Amino acid sequence: MKNAIEVRNIVKTFGDFTAVKGISFAVAEGEIFGLLGPNGAGKSTLIRMMTTLIPPTSGTVLVDGFDVVTQSDDVRRAIGVIPQAMTSDLDLSVYENLLIFAKLYGVPRQKRTSLIKDLLAAVELTQWADKQVKNLSGGMRRRVEIARGLVHEPHVFFLDEPTTGLDPVSRVAVWEMLHKIKGERDLTILITTHYMDEADKLCDRIAIVDHGELKALDSPMTLKASI
């Protein structure tokens with residue numbers, strides 16, 4: 001099976017501090033892969049390197065076959081990213097938020113309307129399409145961001161702590177939404193989380209990261225059986 005993400009002996013230092021210490025792993029196409037660890041473990045630094053926001057100090061990262069340093073534009077076209085902070089424009093409608101991203105990514109005009117309509121249906125926000133985002137609950141805003149991140153039909157989808165700050169019902173709704181979208185699309189998903197139940201429910205495999213090191217990597221079932 002082809003790998004959608006390959007991380008090879010990656011290191012990131014900030015001055016004298018080493019945030020990521022020689023981590024290696026691969027994510028297969030079509031997999032939901034989790035980076036699990038406490039705050040400050042190095043998860044966000046890892047995801048920022050994989051999404052071309054910061055360069056690695058050493059090591060190599062390939063995403064969808066492209067090198068994050070030498071082919072960063074190709075990587076950016078191939079990925080969708082949902083950052084930890086909510087970033088949708090509160091004064092625009094749900095539809096307008098998706099439309100702006102479709103235009104920024106160069107989605108052809110004739111394709112935009114049907115694509116956005118399908119995405120709104122996928123995240124169950126069709127009846128909210130014309131409502132301003134500031135009128136939505138936290139869980140619904142997260143669903144807007146998931147739809148927005150998929151508007152250019154990426155191959156690899158990164159979510160940095162997607163349910164932080166959501167109530168338990170909204171968290172479960174987001175998990176179900178991701179499983180549903182994954183089932184309908186040719187998509188590889190990588191999520192970071194510090195919630196064990198989230199990693200267990202969502203992920204095919206989990207990498208446990210702490211103090212910048214990879215401590216364990218396996219399926220949730222195998223990890224639970226070994227502890």
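**Sheets and salt bridges**

Reader: Over how many bridges do strand β1 (residues 3-14) and β2 pair?

Author: Strands here are DSSP runs of E, at least two residues long, numbered from the N terminus; helices are runs of H or I, at least four long. Two strands pair if DSSP finds at least two bridges between them. β1 and β2 run in the antiparallel sense, and the bridges between them number nine.

Reader: What kind of model is this?

Author: Residues are numbered from 1 along each chain as its sequence is written, and side-chain values use heavy atoms, leaving out hydrogens and water. Local features need pLDDT of at least 70, side-chain atom pairs count only at pLDDT 80 or more, and totals for chains, interfaces and linings use all residues, since the model is predicted.

Reader: Which strands stand at the edges of the open sheet of four strands?

Author: The order is β2-β1-β4-β5, with antiparallel pairing. An edge strand has a single partner, so one side of it is left without a neighbour in the sheet. That describes β2 (17-28) and β5 (66-67).

Reader: At what angle to β1 does helix α1 run?

Author: Helix α1 (residues 43-50) lies across β1, β2 and β4 (58-63). Angles run from 0 to 180 degrees between N-to-C directions, with axes fitted to C-alpha atoms, for helices over the stretch in contact (heavy atoms within 4.5 Å). For α1 against β1, the value is about 120 degrees.

Reader: Which strands are the edges of the six-strand sheet?

Author: This open sheet has mixed pairing and the order β6-β7-β8-β3-β9-β10. Its twist averages 15 degrees from one strand to the next. The strands that pair on one side only are β6 (79-82) and β10 (213-218).

Reader: How far apart in sequence are the parts that Arg-205 and Glu-31 tie together?

Author: The two form a salt bridge (a side-chain nitrogen of Lys or Arg within 4 Å of a carboxyl oxygen of Asp or Glu). Their closest N and O atoms are 2.5 Å apart. Arg-205 lies in strand β9 (residues 205-210) and Glu-31 in the loop between β2 and β3, so the separation is 174 residues.

Reader: Is Glu-31 buried or exposed?

Author: Buried means under 20% relative accessible area, exposed over 50%, and partly exposed in between (1.4 Å probe, protein chains only). At 8% relative accessibility, Glu-31 counts as buried.

Reader: Which residue meets Glu-29 in a salt bridge?

Author: Glu-29 is partly exposed, with a relative accessible area of 35%. The N to O distance in its salt bridge is 3.6 Å, and the partner is Lys-2.
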